[in-house]
Each structure stands twice: as C-alpha cells, then as structure tokens.
Amino acid sequence: MAEVTRDSIRAFKGHPLKPVEVPEWGGTVYIRVMPGTERDSFEAETYKLNGKSVELNRANFRARLLVRTLTDKDGRPLYHISDADELGQQPADILDKLATVASQANGMSPKDVEDLAKN
C-alpha cells in the first residue's frame, strides 16, 4: 500500500452522498458525512458530560442532525443550522427515516454514547 502524505489527505474529497427517496417531499434528498469539526460541534451540543455520566440532549435531535447532513444532489446543504426548529416541524416518521440514514453514514450509534462516557 502506498504511503499516505499530507497532499493525499488534502486530495480526498469526502464520501459519496447517500440518496434517500422521500415521496412525501416529492423526490430524493442526499445525506452527507459531516467533517470532523462539524461532528464534534454536534456531539458537544448533544452529549453533556456530567462527572462519569453522559446526559443526552434529545431536544430536536433528528432535525439538529439533519440540518447538518441533508443536501441536494450536488452536496449543497438544504438547511442552515439555525433552521433546525423549522425542519423539526416535519412529520416524525420522515425525520426518523432520514436521521437513521444520517446516523449510519456518520458512524453514530448507541455505542458512541458509551465511548464518550468512558473518555
């Protein structure tokens, strides 16, 4: 295997977008993998460390995740972070479906919460 260099890391443009059909919205949206800094920001507002326990901020969780990951086919965000409350007004079944894809695409699982508590 070839040696990884700073230039080869810079050349990586990210993972492919994941298309998700949303018939209720009339078509397809795309889910992206968040950059590391954005994932850290999302985790910081979602998981609050309290001593040795982790408190989960579930308020509008799905919409807060989706405003960071929903894009059009060209990877342009459909929402801004400040739009989470607006997006959160959509039906829960649609948000659940999309948040599941976004969580999987971004490597987020219940085990991640456990790992945060350990660290």
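Start by selecting strand 3 (residues 47-50) and strand 4 (residues 53-56), which pair in the antiparallel sense over four bridges. Helices (H or I, at least four residues) and strands (E, at least two) are DSSP runs, numbered from the N terminus, and two strands pair if DSSP finds at least two bridges between them. Click on Lys-48 and look across: its bridge partner in strand 4 is Glu-55. Two residues sit between the strands of this hairpin, and Gly-51 takes a positive phi near 70 degrees.

A quick word on what you're looking at: this is a predicted model, where local features need pLDDT of at least 70, side-chain atom pairs count only at pLDDT 80 or more, and totals for chains, interfaces and linings use all residues. Residues are numbered from 1 along each chain as its sequence is written, and side-chain values use heavy atoms, with hydrogens and water left out.

Next, select helix 2 (residues 36-46). Which of its residues are buried? They are Glu-38, Arg-39, Phe-42, Glu-43 and Thr-46. They cover an arc of only 135 degrees around the axis, so they lie on the same side of helix 2; the arc is that of the directions from the helix axis to the C-beta atoms. Buried means under 20% relative accessible area, exposed over 50%, and partly exposed in between (1.4 Å probe, protein chains only).

Stay in helix 2 and zoom in on Glu-43. Glu-43 is buried at a relative accessible area of 16%, and its side chain makes a polar contact with the side chain of Arg-39 at 2.7 Å. (A polar contact is a pair of N or O atoms within 3.5 Å; within protein, one must be able to donate a hydrogen and the other to accept it, and residues adjacent in sequence count only if both atoms are side-chain atoms.)

Now pick Met-34, in the loop between strand 2 and helix 2. Met-34 is buried too, with 7% relative accessibility.

Last stop: the open sheet, three strands in the order 1-2-5 with antiparallel pairing. Strand 1 (18-22) and strand 5 (70-71) stand at the edges with a single partner strand each, so one side of each has no neighbour in the sheet. Strand 2 (residues 27-31) and strand 5 pair over two bridges, and Ile-31 has Leu-70 as its bridge partner in strand 5.
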